[in-house]
Amino acid sequence: NIFTISCLLLWLFRCYNWNCICSNHVINVQFILFKGNNKMKLGLVINNYDSDSGWNQELKYHYKYFLKKKIDCHVLHFGYSEKKSIIKLPNGYNISNIIKIYRILKKNNFDIVHIRGFIGIDFLYIYIALIFFNKTKLVISTVSQVNEINFSKKLFFENPDIKSKSKSVKTSFLKNLSPFFKLFFFKTIGKIILLRANALFFYSKYELDEYKKFHKSNSIKLKIIPDFYFSDIIKKRVISSVSKNNILQSKFNFNINILYWGRIDTGIKGVKIFTEISKNLKKDLVIHLMGPDYNNSVINLREYIVKNDINNIIIHEDIYWRDNLNPLINADASIIPSEWDGFPRTLRESIFLGVPIVCSIPSNFNDIVSRFNCGFTYKNKIELIKILNNLNKSTKIKLKKNLKKASEYLSEERCINRYIKNYYSILNE
């Protein structure tokens, strides 16, 4: 009996330092031990719970899945939602908000506060309030804001006169200065904030490497955790799409259909590149743009298409992509040409539905594509033209198994378990 107990203790000691495999998922035994002794209370912080932006939408699903995992989870935001389950934080620049935030944090006594984003006065007030809570661990998801700063700087230097027709010159000038303010914040106050963090979460290795160019610290945990797709939501949208006609095939007689699925924006989203390469694409290929207009991009694109007699780019502004998955299901490839982006939901859903993806370099999806060979990446227009012209009906079939593996990597279960594992690992430090 003594020998058996000794062996068991030795095994537990080794597991405490190593990872063990449990139910086909990597679960650190530190998480199991901590969970047995205490219950973690988690606070998720976001700008506005009711906003339709990608980052805010992601947090809603994180919240939902944490509750499924029996985590005592709460959402804190600076918006106007009156939902009882949401904790409203005071917004605005009033410095007294720090005291109000402090009282909210003290009342809730969180073990971990996880903030998505770090640039902004509202977030700064939270960081200041958290100084008084030594036991509360701080986790920050950078949500690609480092990449955003780099892209904004590039836009400014390449074209300082960037402005929308609907905005004044003054507004445009201030907008172009914003990257410098963000960069100043990031390298000064932001650096202090990030040093207070116990862990930083990144979408990809590319984003992590970009962060290391700005900040170097050995005391902060740096973890790569990609966002996941929402299979239950996708399945509902697939069912509702079955009865609808195949929009890509019924209206247009093209063999290869490439789909851009998201906000139609010639700025950050980079959709202007399609008009620049259209004359070099093979005749049986068409690019479909589906999603809401942004900054009159649709008007400008249509004018250019008509003026230059382009017939292989079709804009479907009237189709709301979040309600109808039919076009994505029937596409031969899904493309995001952004020079800067977060972790696009469109590409995650494409992978889940078995549609090959095409994305620019650099991108947070480059890691996924290279690791699982589930699509294609390009550095310039010449490479993009070559990729699109080489696509055919068999591409989907050839990459089916690879897309399945990538889909498993981005599953809710795997990603949420990684979050929970890291939370408990931080608490056990």
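So, where in the chain is the place of Asn-109? Asn-109 sits in the loop between α4 (97–108) and β6 (112–116); helices (H or I, at least four residues) and strands (E, at least two) here are DSSP runs, numbered from the N terminus.

Quick housekeeping. This is a predicted model, where local features need pLDDT of at least 70, side-chain atom pairs count only at pLDDT 80 or more, and totals for chains, interfaces and linings use all residues. Residues are numbered from 1 along each chain as its sequence is written, and side-chain values use heavy atoms, with hydrogens and water left out.

Most residues other than glycine have a negative phi, and most peptide bonds are trans. Asn-109 isn't a glycine, yet has a positive phi of about 50°. Asn-109 is also exposed, with a relative accessible area of 55% (exposed is over 50%, buried under 20%, partly exposed in between, with a 1.4 Å probe and protein chains only).

Then there's Asn-295, with a positive phi near 55°. Asn-295 is in the loop between β11 (285–290) and α13 (297–307), and counts as partly exposed at 27%.

And a cis peptide bond: Ile-361 to Pro-362, omega near 5°. Pro-362 lies in the loop between β14 (357–360) and α16 (366–372).

Last stop, α20, residues 412–427. Its 16 residues reach 23 Å from first C-alpha to last, close to the expected 22 Å, which is 1.5 Å times one less than the number of residues. Twelve of the 16 are buried, so α20 is largely enclosed by the rest of the structure. Among the buried ones are Cys-415, Tyr-419, Tyr-423, Tyr-424 and Leu-427.
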